[in-house]
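Reader: I would like to go through the labels attached to this structure one at a time. For each, please set the value against the cut-off and conclude.

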Amino acid sequence: MRKDLGFWALTSIGFSNIVGSGWLFSALYAAQTAGPAALISWVAAGLLCALIALVMVELGATRPEGGGTVRWPLYANGRLVGTMIGWSVLLSVGGTAAEISAIMQYAAHYIPGLYEDGGITASGLGVAAALSVVLTALNWFAVRLFARLNNLVSLLKIVIPVVTVVALFLSGTHGGRLTDHGGFAPYGYAACLTALAGGGIVYSVNGFQAPLDFSGEARNPRRTVPAAVLTGIGLAVALYLALQLAFLFTVPESLLGHGWQGVNFDSPFGQLALILNLHWLATLLYADAVLSPGGSAYVGVAIDARHTYALAKNGLLPRFFMRIDPRQGMPHRALLLNLAVIVVFMLPFRGWQDIVSVMGDMYLLIYSSSAVAAAAFRAHDRRRGVAGAVGRVPGVQWIAPLSFVVASEFVYWSGWHDLRLALPLVLASVPLFLFLRDSGSSGGGGAARGRDLAAELRKGAWLVVHLGALTLLSWLGTFEGSGRLRAPYDSVAVGAVSLAVFVWARRSGAAHLRDTAGSEPLPGGAAAAAGPAV
């Protein structure tokens, strides 16, 4: 792939992928869930995502790969983990479908009949399919054109939310909003945890990994990728905090008779602007309700194509989808496959909320596998006596386990209602792994194949156990579960189990890398001829 992307192009890719439909809804839902204490949830989400991002930054800087989030788990933990994470990535194409669904919902303000009764209509599905074709076509013509168009979209996605914040504050504010109507945390500080998922905060901040998926196309990935990822997170969290404050301080007093839970809008900032007689702002916001999700969907189509390319390299998809167009430097066949998946994904789920309730968990599982990969690579490099690679992030030896536990807690806090769908979907990849392995095996005796299968299952068993444990704890816990395991012991149990699984996974990954020495990518800056540890 062509290396055409610099710092600002990568930063705009990350920022544009974060700021999508979430900013249009999350300030309302977070306030309903936690009141003014939602501000803490935003800060916590930013810090925790930065931890996860640092792990992924090291991987992107030391082992730059197109679609790296798919390739790293395969290198570090073998085919079972690679297949399960690859399957999750393939399912996460639904995130792009969610953004297109959001466009249909708000476009119905101008074109009635696209979105009715909480779902896309037949005519809306036709328009959504046509929009998916347009987004695919825009990504068709090379990385450089993608970067230029995305820079323009990102600029507009910064300007309109900033204009919204300034206009709302200039319209007049209400004092005491952080302490009145039940206080700063009217529903308790535990509600800050619920707001991470229930308030839409996790989904809103998700997407920070986008520059990493383009690390193989960056001009200087070891320098530009880390700065771009962290800058994108910082800019997005600052924007979300400003929007949350603007919402908290400008909601009319008459709407707070039943507290923050009594505030209810279908399109929060658009309706708030109309109530405050800012009709020009309402018109701008309804237009941006198409632009912001459209920008995220545009970036999402490009990222999905790189993931599909990497899945083909992993052997989860036919190598037919690996072909890169020699003139444009783009994986055109992967783009076409994802176009079909996006359209199909909109059929059963129908609406934005239905899709995002499952997608967040998929993303978090992908992030947690990257933490294991980073730790396994480091352990393997130490055993071989490889010097510290250029691009390594200081402190990853403790950031990796912490980010794994954090991602697992986020998954758990999303609630039983979502996990009972998301986790079984991921576990369905285990029979897919067995099928692909059996259909792809050739030569060798049955006993040898049986030993190889047992070894692969042993190396990847940690992920199956982890998903099973999260499912059980979610059913037992207090986040929409049966309540048999009371708070805070449920979250403590998730943390303890996750830490134990991480230690197991790191050791298993190091053993896999030792057994397959030479097949994994060398860390950047390491000598190619590095030998085993003395």
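This is a predicted model: local features need pLDDT of at least 70, side-chain atom pairs count only at pLDDT 80 or more; totals for chains, interfaces and linings use all residues.

Reader: Which residues of helix 7 are buried, and what puts them on the same side?

Author: Gly 124, Ala 128, Ser 132, Leu 135, Thr 136 and Asn 139 are buried in helix 7. They cover an arc of only 120° around the axis, and therefore lie on the same side of helix 7. In general, an α-helix has 3.6 residues a turn, so residues three or four places apart point the same way.

Reader: Which residues are buried in helix 15, and which are exposed on the other side?

Author: Helix 15 (residues 332–349) reaches 27 Å from its first C-alpha to its last, close to the 26 Å expected for its 18 residues. His 332, Ala 334, Leu 335, Asn 338, Leu 339, Ile 342, Phe 345 and Met 346 are buried there. Their arc around the axis is only 145°, which puts them on the same side of helix 15. On the other side, Val 344 and Pro 348 are exposed.

Reader: Why does Val 162 count as partly exposed?

Author: Buried means under 20% relative accessible area and exposed means over 50%. Val 162 has 39% relative accessibility and so counts as partly exposed. Val 162 is found in helix 8 (residues 143–170). With Leu 155, Ile 158, Val 159, Val 166 and Leu 170, Val 162 forms a nonpolar patch on the surface, with about 520 Å² of accessible area together.

Reader: Why is the pair of Trp 42 and Tyr 240 called stacked?

Author: The structure holds 10 aromatic pairs. The ring centres of Trp 42 and Tyr 240 are 4.7 Å apart and their planes are at 15°, so the pair is stacked; the cut-offs are centres within 6.5 Å and planes under 30 degrees apart. Trp 42 lies in helix 3 (residues 38–62) and Tyr 240 in helix 12 (residues 221–250), so the pair ties together parts 198 residues apart in sequence. Trp 42 and Tyr 240 are both buried.

Reader: What angle between the planes goes with the edge-to-face pair of Phe 247 and Phe 269?

Author: The angle is 80°, with 6.0 Å centre to centre; planes over 60 degrees apart count as edge-to-face. Phe 247 and Phe 269 are both buried. Together with Trp 23, Phe 247 and Phe 269 form one aromatic cluster.

Reader: What makes Arg 378 and Glu 58 a salt bridge?

Author: Their closest N and O atoms are 2.9 Å apart, and the cut-off is within 4 Å. Arg 378 lies in helix 16 (residues 352–384) and Glu 58 in helix 3, so the pair ties together parts that are 320 residues apart in sequence. Both Arg 378 and Glu 58 are buried.

Reader: In the salt bridge of Asp 515 with Lys 459, why is Asp 515 called exposed and Lys 459 buried?

Author: The closest N and O atoms of Asp 515 and Lys 459 are 3.3 Å apart. Asp 515 sits in helix 21 (residues 489–515) and Lys 459 in helix 20 (residues 446–476). Asp 515 has a relative accessible area of 52% and is therefore exposed, whereas Lys 459, with 15%, is buried.

Key: Residues are numbered from 1 along each chain as its sequence is written. Side-chain values use heavy atoms; hydrogens and water are left out. Helices (H or I, at least four residues) and strands (E, at least two) are DSSP runs, numbered from the N terminus. The expected span of a helix is 1.5 Å times one less than its number of residues. Buried means under 20% relative accessible area, exposed over 50%, partly exposed in between (1.4 Å probe, protein chains only). The arc is that of the directions from the helix axis to the C-beta atoms. Patches are made of residues with over 30% relative accessible area and no salt bridge: like charges are joined within 9 Å, nonpolar side chains (Val, Leu, Ile, Met, Phe, Trp, Tyr) within 5 Å. Accessible areas come from the Shrake-Rupley method with a 1.4 Å probe; for residues, only the protein chains shown count as cover. A salt bridge is a side-chain nitrogen of Lys or Arg within 4 Å of a carboxyl oxygen of Asp or Glu.
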